[in-house]
Amino acid sequence: MHKAKLVLDRDYVIADIDPRLYGSFIEHLGRAVYTGIYQPGHPAADSEGFRQDVLDLVRKLDVPVTRYPGGNFVSGYDWRDGIGPKDQRPQRLDLAWKTTETNQVGLHEFVSWAQKANTQVMYAVNLGTGTPADARDIVEYANHPGGTQLSDLRRSNGARDPFDIKLWCLGNEMDGAWQMGTKTAYEYGRVATEAAKLMKWVDPSIELVACGSSGLGMSTFGEWEYQVLSECYDHVDYVSLHTYYGNRNNDTNDFLASTMDLDQFIKTVVAVCDAVRGKKRAKKRIQLSFDEWNVWYHSNQQDEQLYRRQPWGTALPLLEDIYTFEDALLVGLMLITFLKNADRVRIACMAQLVNVIAPIMTNPEGGAWAQTIYYPLMQASRWGRGQSLQPVLTCDTHDTAQHEAVPLVDAAAVLQDNGGLTIFAVNRDLARSAELTLDLRSFDGLTLVEHQALTHEDVKAVNTEQHPDNVMPKAIPPMQGAAVVLPKASWNVLRYRKQ
Ligand code: AHR
């Protein structure tokens, strides 16, 4: 057993947590939409064709915001293809994912699905092949009450009331060579500025996310954010971050250390945002939207073969990572990292939600089930709302192949609005439990009412349709007193209440 100590004080608040930290993402990609959220004719489908078994799992996750419709897809997408009578919508080649898009789901359908799923829409506009005018038009179509051609078109397509979409992304990964309409930082900064002006002139209540780098590994990282924000700082509210991790070397210790890089990534983007703020002598702070994050690597090889076999198919099983128990631990560590940076990371969208690198899987001929990574997100979303407290943690460290002095325990703490306290903690040690001593100095009369832990003997354990409960959290009898035991290799939720 190794030892760790966590000091919490209710006065040491990092920030009020923006509930959108527990967001997600649905892209027109693979089976996310078709045979994922939407499958008319499936026994679980409702009258609009939405799978209710999937909706149930999404509602349990309690996802406050869902990004849509891409991703790389959006950079070639004309939103007009997805409105109006379904039998008149065009089939198009989607060059991002080499598939055929049927457009049977578009804006109206997605808004309706989002209402059923209790989630707000975060809509990405096309700034790859699209223009500021296209971006302006969809804001007018979606949010203007009526009396103009576009808003009346929405009404005639069945939506009397505006969709009132509050959060918009200005394109996607515009620095990437794989993106349709890749731009230099200056080109993107200019087009983002002009699109932002028009969009906010149509609806001043909206918030906008500018594209940051598509990853920390981009050669233009840092310089991209600086130049883009130098152009569009006054017109946008957030800059995006994207990251995906993978245990490619099959080194679990090193994989679980990835959140050291994540923390550094976040702090670097904050520094660049604030450097532009300083240069501009601006009052406003740009906040961070981590609008794509997850583990993604299991399906890479399979996808290459699939493209060779079925070029231009529809609803191909692309990016179908089957997640292991160790992936769930990393997802838990990523959530802890977001909570510890909750003063600047205001939005985060796990990429994605259904079938495509997703916590929820479906069988087109069968049911829907939760992957391992579903559980830390569900528990954080459920118990992680309120104020993020500064965790002062001391514990042993170890070195891994690519990381030095990795703490064996990581934790975040949330003071809930009802006075309850939740601690999320991961024990990175694969062989030993951790005795975690808690110094809750400013909290009077708190009792540990629940300790849930996600553990498994096999770090490669997965959930399947036949065995959906193989990896799921279990209650541990709550220990009273100043210490708790975190099992080896575990994600833990400790819930305290005032008695
Ligand atoms: O989420 C999958 C893809 O990853 C998205 O389409 C893209 O933005 C990123 O590269």
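This is a predicted model: local features need pLDDT of at least 70, side-chain atom pairs count only at pLDDT 80 or more; totals for chains, interfaces and linings use all residues.
Close-up 1. Searching the whole structure turns up 16 aromatic pairs. One is made by Phe 73 and Tyr 77, whose ring centres lie 4.8 Å apart.

**Close-up 2. A cluster of rings.** Here Tyr 68, Phe 110, Trp 113, Tyr 123 and Trp 168 come together as a cluster, linked through ring pairs.

**Close-up 3. Arginines over rings.** Start with Arg 67: its charged end sits over the ring of Phe 25, and the distance to the ring centre is 4.6 Å. Then move along to Arg 495, which lies over the face of Trp 383 at 3.6 Å from the ring centre.

Close-up 4. Trp 383 is one of the buried residues of α11. This helix covers residues 374-383, and because nine of its ten residues are buried, it is largely enclosed by the rest of the structure. The buried set also includes Tyr 374, Tyr 375, Pro 376 and Leu 377. Met 378, Gln 379, Ala 380 and Ser 381 belong to the buried set as well.

**Close-up 5. Cysteines without a disulfide.** A disulfide is a covalent bond between the sulfur atoms of two cysteines. How many disulfides are there here? The count comes to zero. Take Cys 349: the closest cysteine sulfur belongs to Cys 169 and is 7.2 Å away, so the two are too far apart for a bond. Cys 349 has 0% relative accessibility and therefore counts as buried. Cys 395, by contrast, is partly exposed, with a relative accessible area of 22%.

Close-up 6. The ligand has 13 residues around it, and the ones that come nearest are Glu 27, Asn 72, Glu 173, Tyr 244 and Glu 292. In the side chain of Glu 173, an N or O atom is 2.8 Å from an oxygen atom of the ligand. How much of the ligand's accessible area does the protein cover? On its own the ligand has 290 Å² of accessible area, and the protein covers 95% of that.

Close-up 7. Most residues other than glycine have a negative phi, and most peptide bonds are trans. The bond between Ala 351 and Gln 352 is cis, with omega about 0 degrees. Another cis bond runs from Gly 70 to Gly 71, where omega is near 15 degrees. Look for Gly 71 in the loop between β4 (65-68) and β5 (92-94).

**Close-up 8. Two asparagines with positive phi.** Asn 103 isn't a glycine, yet its phi is positive, at about 60 degrees. This residue sits in the loop between β6 (99-101) and α2 (107-117), and it is buried, with a relative accessible area of 1%. Asn 118 also has a positive phi of about 60 degrees. Its loop runs between α2 and β7 (120-125). Is Asn 118 buried or exposed? Asn 118 has a relative accessible area of 55%, so it is exposed.

Technical notes
Residues are numbered from 1 along each chain as its sequence is written. Side-chain values use heavy atoms; hydrogens and water are left out. Rings of Phe, Tyr and Trp (its six-membered ring) pair if their centres lie within 6.5 Å; planes under 30 degrees apart count as stacked, over 60 as edge-to-face and the rest as tilted. A charge sits over a ring if NZ of Lys or CZ of Arg is within 6 Å of the ring centre and within 35 degrees of the ring normal. A disulfide is a pair of cysteine sulfur atoms within 2.5 Å. Buried means under 20% relative accessible area, exposed over 50%, partly exposed in between (1.4 Å probe, protein chains only). A residue is near a molecule or strand if one of its heavy atoms lies within 4 Å of it. A polar contact is a pair of N or O atoms within 3.5 Å; within protein, one must be able to donate a hydrogen and the other to accept it, and residues adjacent in sequence count only if both atoms are side-chain atoms. Accessible areas come from the Shrake-Rupley method with a 1.4 Å probe; for residues, only the protein chains shown count as cover. Helices (H or I, at least four residues) and strands (E, at least two) are DSSP runs, numbered from the N terminus.
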